[in-house]
Amino acid sequence: LPPKIYPQPPSPPPLIASTTSGGTIGYGIHANAGDKLTYRMYDPKVSYDEVNTETAEEGKIWYANVVNYLNWASFLGYSGSGRGQPGSDAGSLSAMQAGWWTDVIDLMFWEGYSVHDYDIGGGGDRAWYANFALIDKSRCPIERGSDGVMSGADDALTYASMEMNEGTLRAANNETLGLKHSTPLDVMGYSSSFWTAGIVEASKAKYFLLHESISTGSLGSTTVYLNDGGLVDTTGIVTLLQLQTPKIVAFYNNNDPLSSLSSVFSYLFGVGAATDTMNSLEGPELGAVFPEELYGEFINNLTDPNVMRATLSDVPVSDNSYLGVSGYSLSSLVVFSNEYSDAFLDSFDDAAELRAGLDERWPNQFPVSLSAFDSNMLAMKADWLIVKYAEELEALLG
């Protein structure tokens, strides 16, 4: 008999994007309006006045124009009493119906970048996964322990994603996920719904007042709330592990310094740490995929302001049925962090004036929006870091 020929799995695309929370909106803007945008690139000779300007080439748009439409108070009626926590005016949310946040994103795309809702797509040829979290509606408001980990997360909190070009939905537990609205615009709304944390984790009275503002779907026979993906994985790495991606480059930009919120990475290594209302509520036992002994050097490199880059090679990835990850050997993992860096600021000719212009919350403690100056300094910092490690990245990506 002739030898049996088994079909080979399709080769993965050269590049796969995986995004969560604000990263989903940012990538969505670039994917849908990238040819219209002007970015502020690193220039050590730049002046304060140049950085403090929403500069765009003729016929193009300043890349961070979205910050002009992210008015926290007017959209949410929050008083700023805490990240994701309703303030004294939170009653205004009770009048909002599910889908309101998607409408806000629609407004930002049109007013900020002249992209109509019906033109918002998945970004073309590159596969793009937007990640979100599902919470069993019947278990809300949820309870969290002293370390911030959600009680009963193993069967009430589920990681999910949608491939934004093909519209393929996946829940980590492989149950059928049903969404009434599942356009790329809708899923950007689910993936970035940071504000739901202040509702599903609130008191019973506040929860019942505000819960109808959260979009719902179905997971098997269970009704679930659609929440920011950071409630399970803030990094976007888990989806790439599900796909058994051989090489991963991750850019971690959160509004908490890693020195004060390390759970987003420590749980991936099975290492305990306190978490907050919006990040990695599943805890270290459910979140572990990497060897624990690799964590110390990894987090030290991310938090070192002179490094801000961690690398791992030939990493054994563990089976994790909760996250939907099957074990394999990960060739390379490179993660860039967004910690405060004196080396970056000192690299400018006009360092003193640029330092003086920075908000005290720069670069990683803004609740939602930030000024043009702080936005441009953040963009230059990212560019500076990539240039710093350009040879490493070129060797890795080829």
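The model is a predicted one, in which local features need pLDDT of at least 70, side-chain atom pairs count only at pLDDT 80 or more, and totals for chains, interfaces and linings use all residues. Residues are numbered from 1 along each chain as its sequence is written, and side-chain values use heavy atoms, with hydrogens and water left out.

**View 1. An open sheet of three strands, in the order S10-S12-S11, with mixed pairing.** Strands (E, at least two residues) and helices (H or I, at least four) are DSSP runs, numbered from the N terminus. Strands S10 (247–251) and S11 (309–317) are the edges, each pairing on one side only; two strands pair if DSSP finds at least two bridges between them. Strand S12 (residues 328–336) runs antiparallel to S11, and eight bridges join them. Look for Pro316, which stands opposite Ser329 in S12. Helix H12 (residues 295–303) packs on the sheet and touches S11 and S12, a contact being heavy atoms within 4.5 Å. Helix H16 (residues 390–397) also packs on the sheet, touching S10, S11 and S12.

**View 2. Helix H4 (residues 100–113) packs with helix H6 (residues 184–191).** Their angle is about 115 degrees and their axes are 8 Å apart; axes are lines fitted to C-alpha atoms, for helices over the stretch in contact, and angles run from 0 to 180 degrees between N-to-C directions. On the H4 side, the contact is made by Trp101, Thr102, Ile105, Asp106 and Phe109, and on the H6 side by Leu185, Asp186, Met188 and Gly189.

**View 3. Glu201 sits in the loop between helix H7 (197–200) and helix H8 (204–210).** Is Glu201 buried or exposed? Its relative accessibility is 17%, so Glu201 counts as buried; buried means under 20% relative accessible area, exposed over 50%, and partly exposed in between (1.4 Å probe, protein chains only). The side chains of Glu201 and Arg144 make a polar contact (3.4 Å), that is, a pair of N or O atoms within 3.5 Å; within protein, one must be able to donate a hydrogen and the other to accept it, and residues adjacent in sequence count only if both atoms are side-chain atoms. Leaving aside neighbours within four places in sequence, Glu201 is in contact with Ile142, Arg144, Leu231, Thr277 and Leu281.

**View 4. Leu378 lies in helix H15 (residues 372–388).** With a relative accessible area of 25%, Leu378 is partly exposed. Not counting residues up to four places away in sequence, Leu378 touches Asn338, Trp362, Pro363 and Leu370. Pro363 is 15 residues from Leu378 in sequence and 6.5 Å away in space, C-alpha to C-alpha.
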